[in-house]
Amino acid sequence: RPYSQDLRQRVLHAIDAGDSQSTVAKTLSVSVATIKRYLKQRREMGHVLPKAIPGRASGERSGVAGPSA
């Protein structure tokens, strides 16, 4: 399950404000690798939106039955 967009923005804001990656990782309970991934994604794509989960259609949930007619 991807982290919320709010948390992603808080991570990047803290890094931009000058906090170290290790401090932000501990404070916001994310890994340093996650922070590095967010920084790389922002640099390359201009945003940190969650990527689609491979093999799943958007909105599809396993185990949830649709309306019965």
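Which residues does Val24 touch, not counting residues up to four places away in sequence? I looked this up first. Val24 touches Val11, Ala14, Ile15, Asp19, Ser29 and Ile35. Contact here means heavy atoms within 4.5 Å.

**Ground rules**

I am working with a predicted model, where local features need pLDDT of at least 70, side-chain atom pairs count only at pLDDT 80 or more, and totals for chains, interfaces and linings use all residues. Residues are numbered from 1 along each chain as its sequence is written, and side-chain values use heavy atoms, with hydrogens and water left out.

**Whole chain**

I counted three helices and zero strands in the protein chain. Helices (H or I, at least four residues) and strands (E, at least two) are DSSP runs, numbered from the N terminus. Along the sequence the pattern reads α-α-α. The chain has 69 residues, and 23% of them count as buried. My cut-offs for relative accessible area are under 20% for buried, over 50% for exposed, and partly exposed in between (1.4 Å probe, protein chains only). I also took contacts between residues at least 6 apart in sequence: 46% of these join residues at least 24 apart.

**Helix 2**

Helix 2 spans residues 21-28, and its buried residues are Val24, Ala25 and Leu28. They cover an arc of only 100° around the axis, so they sit on the same side of helix 2. The arc is taken from the directions from the helix axis to the C-beta atoms. I then checked the face turned away from the buried side and found the exposed residues Lys26 and Thr27. What covers the buried residues? The cover includes helix 1 (5-16) and helix 3 (32-45). Ser29 follows helix 2, and its phi is positive, near 55°.

**Core**

The largest nonpolar core has 13 residues. Such a core is a set of buried Ala, Val, Leu, Ile, Met, Phe, Trp, Tyr and Cys residues joined through side-chain atoms within 4.5 Å. Val11, Val24 and Ile35 have the most contacts inside it. Helix 1, helix 2 and helix 3 each supply at least two residues of this core. Helix 1 gives the largest share, five residues. As background, nonpolar side chains in soluble globular proteins tend to be buried together.

**Helix 2 against helix 3**

Helix 2 and helix 3 pack at an angle of about 115°, with their axes 9 Å apart. That makes helix 2 roughly perpendicular to helix 3. The classes are under 35 degrees for roughly parallel, over 145 for roughly antiparallel, 65 to 115 for roughly perpendicular, and oblique for the rest. Axes are lines fitted to C-alpha atoms, for helices over the stretch in contact, and angles run from 0 to 180 degrees between N-to-C directions. The crossing is right-handed. A crossing counts as right-handed if the near helix is turned clockwise from the far one by less than a right angle, and left-handed if anticlockwise. On the helix 2 side I listed Gln21, Ser22, Val24 and Ala25; they meet Val32, Ile35, Lys36 and Leu39 in helix 3.

Is Val32 buried or partly exposed? Val32 has a relative accessible area of 30%, so it is partly exposed. Leaving aside neighbours within four places in sequence, Val32 is in contact with Gln21, Ser22 and Ala25. The C-alpha atoms of Val32 and Ser20 are separated by 9.8 Å, 12 residues apart along the chain.

Gln41 also lies in helix 3. Gln41 counts as buried because its relative accessibility is 8%. With neighbours within four places again left aside, Gln41 is in contact with Arg8, Gly46, His47, Val48 and Leu49.
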